[in-house]
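Subject: Structure for your review

Dear colleague,

Please find below the structure that I am handing over to you. My findings follow directly after it.

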Amino acid sequence: MRFFIIMILLSSALGAAEKLLEKVDIERELNSPTRVQSFNVPGQGWRKVKLQFRAKVNGLNTVENNPLQEILPEMSTLSVFRLSIAGADKKPVFKRGSGYPLRGFIDSGNWREYGQIFYLRPGESNITLSIVPRDEVSGIQLNNIRLYVIDEPEIAINSDRTCRYSGIARFERAGRAEEDINGNWQVNTMPNGNVQLEALPVEPGKKYRFAVTWNKSSGTDNRIRCHMTFRDKDGNKLNDYVWYCDRKKAEKNKDDFLSINEFIPPENSEIVEIAFYSGIIENCSLKLISK
């Protein structure tokens with residue numbers, strides 16, 4: 001095993017928006033559940049980060065051997081990676097979606113890029129990457145782990161569509177991250193599933209605009225259901241409601257629709273959780289429009 005670490009603090013080599021925080025040059029093959037690497041992220045408030053790595057599966061349990069696993073990964077036995085988020089004391093600060101770590105699937109017998117883009121909440125500073133090989137896998141090869149911080153003018157999910165798991169907290173039953181015909185990543189909930197996005201920061205009493213770009217071939221009864229839940233800093237539910245991305249009201253482009261919802265979070269809100277049902281979501285953004 002080769003293992004050495006190169007630390008580059010807030011390097012400007014990648015441009016103003018995305019900066020390399022840490023790189024771990026590692027060559028390992030894992031054949032059992034393993035905590036691979038932990039990272040510490042500086043700062044106190046909400047921070048957007050991206051963790052990426054390269055991996056390949058050695059064994060029979062791959063999408064090349066069983067393409068159906070790629071269609072319904074949540075119901076598959078594919079290997080997974082997990083990102084556990086904690087404070088400086090390595091203890092969880094906030095209960096994330098269903099209490100599970102952020103995760104994604106490692107599904108190919110070829111070398112592929114994997115990763116996740118997500119927000120750290122105030123008090124969160126430690127990220128631990130774990131790899132979990134599943135049935136009929138002799139090992140998972142892993143290398144080139146990178147951690148970035150992302151500086152964007154607005155809160156955005158899958159803004160550049162280059163990362164497979166961008167802002168995805170979990171799927172329910174069905175659903176997957178998939179590439180469109182142009183090689184851009186999008187989220188497909190499938191007809192009977194849903195996807196819950198990573199919690200996004202909001203402040204009570206301020207007005208926000210939530211914009212969703214969605215594929216025009218998706219939706220049930222010409223619309224996509226969106227469920228929004230507001231919580232306080234301790235995760236207590238304050239309020240929730242449903243609105244619809246309706247193609248009759250949406251702005252129309254060549255291949256997709258743009259739907260917009262404006263809202264004011266209730267008193268004591270700190271986060272909003274957003275779930276989509278029966279649709280193909282390309283990206284979305286949350287912008288403060290009135291203080």
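A salt bridge is counted here when a side-chain nitrogen of Lys or Arg lies within 4 Å of a carboxyl oxygen of Asp or Glu. Please note that this is a predicted model.

Salt bridges

The structure contains 11 salt bridges. In one of them, the side chains of Arg121 and Glu124 meet with an N to O distance of 4.0 Å. Glu124 is buried, its relative accessible area being 1%, and Arg121 also counts as buried, because its relative accessibility is 3%.

A second salt bridge joins Arg209 and Glu262 at 3.0 Å, N to O. Arg209 belongs to strand S17 (residues 207-215) and Glu262 to strand S21 (residues 256-263), so this pair ties together parts that are 53 residues apart in sequence. Glu262 is partly exposed, with 36% relative accessible area, and Arg209 is partly exposed at 30%. Both residues belong to a network of salt bridges that links Lys207, Arg209 and Glu262.

A further salt bridge is formed by the side chains of Lys237 and Asp240, at 3.6 Å from N to O. Asp240 is partly exposed, with a relative accessible area of 28%.

Aromatic pairs

A search of the whole structure gives 9 aromatic pairs. One of them is the edge-to-face pair of Trp46 and Tyr119, with 6.5 Å from centre to centre and 70° between the planes. Trp46 is located in the loop between strand S3 (34-40) and strand S4 (47-59), and Tyr119 in strand S7 (residues 112-120), so the pair connects parts that are 73 residues apart in sequence. Trp46 is partly exposed, with a relative accessible area of 26%, whereas Tyr119 is buried at 7%.

The pair of Phe230 and Tyr241 is stacked, because the ring centres are 6.2 Å apart and the planes stand at 20°. Phe230 lies in strand S18 (residues 223-231) and Tyr241 in strand S19 (residues 237-246), so the pair ties together parts that are 11 residues apart in sequence. Phe230 counts as buried, with 1% relative accessibility, while Tyr241 is partly exposed at 25%. Together with Tyr208 and Phe263, Phe230 and Tyr241 form one aromatic cluster.

Surroundings of Val272

Phe230 is also one of the contacts of Val272. Val272 is part of strand S22 (residues 271-277) and counts as buried, since its relative accessibility is 0%. Leaving aside neighbours within four places in sequence, Val272 is in contact with Ala199, Leu200, Val202, Met228, Thr229, Phe230 and Leu286. The C-alpha atom of Val272 is 31 Å from that of Asp107, a residue 165 places away along the chain.

Cavities

There are 4 cavities of 30 Å³ or more in the structure. The largest cavity has a volume of about 90 Å³. It is lined by 16 residues, of which Ile157, Asn158, Ser166, Val187 and Ile281 are the closest to its centre. By class, the lining of the largest cavity consists of 10 nonpolar, 4 polar and 2 charged residues. Strands S14 (185-188), S15 (194-197) and S23 (280-290) each supply at least two residues of this lining, and the largest share, 4 residues, comes from S23.

Yours sincerely

Notes: Residues are numbered from 1 along each chain as its sequence is written. This is a predicted model: local features need pLDDT of at least 70, side-chain atom pairs count only at pLDDT 80 or more; totals for chains, interfaces and linings use all residues. Side-chain values use heavy atoms; hydrogens and water are left out. On a 1 Å grid over the protein atoms alone, a cavity is a set of points where a 1.4 Å probe fits but cannot get out, and a pocket is an open set with protein on both sides within 12 Å along at least five of seven lines; lining residues have an atom within 4 Å of a point. Grid points are joined across faces, edges and corners, and a volume is the space filled by probe spheres set on the points. Ala, Val, Leu, Ile, Met, Phe, Trp, Tyr, Cys and Pro count as nonpolar, Asp, Glu, Lys and Arg as charged, and the others, Gly among them, as polar. Buried means under 20% relative accessible area, exposed over 50%, partly exposed in between (1.4 Å probe, protein chains only). Contact means heavy atoms within 4.5 Å. Rings of Phe, Tyr and Trp (its six-membered ring) pair if their centres lie within 6.5 Å; planes under 30 degrees apart count as stacked, over 60 as edge-to-face and the rest as tilted.
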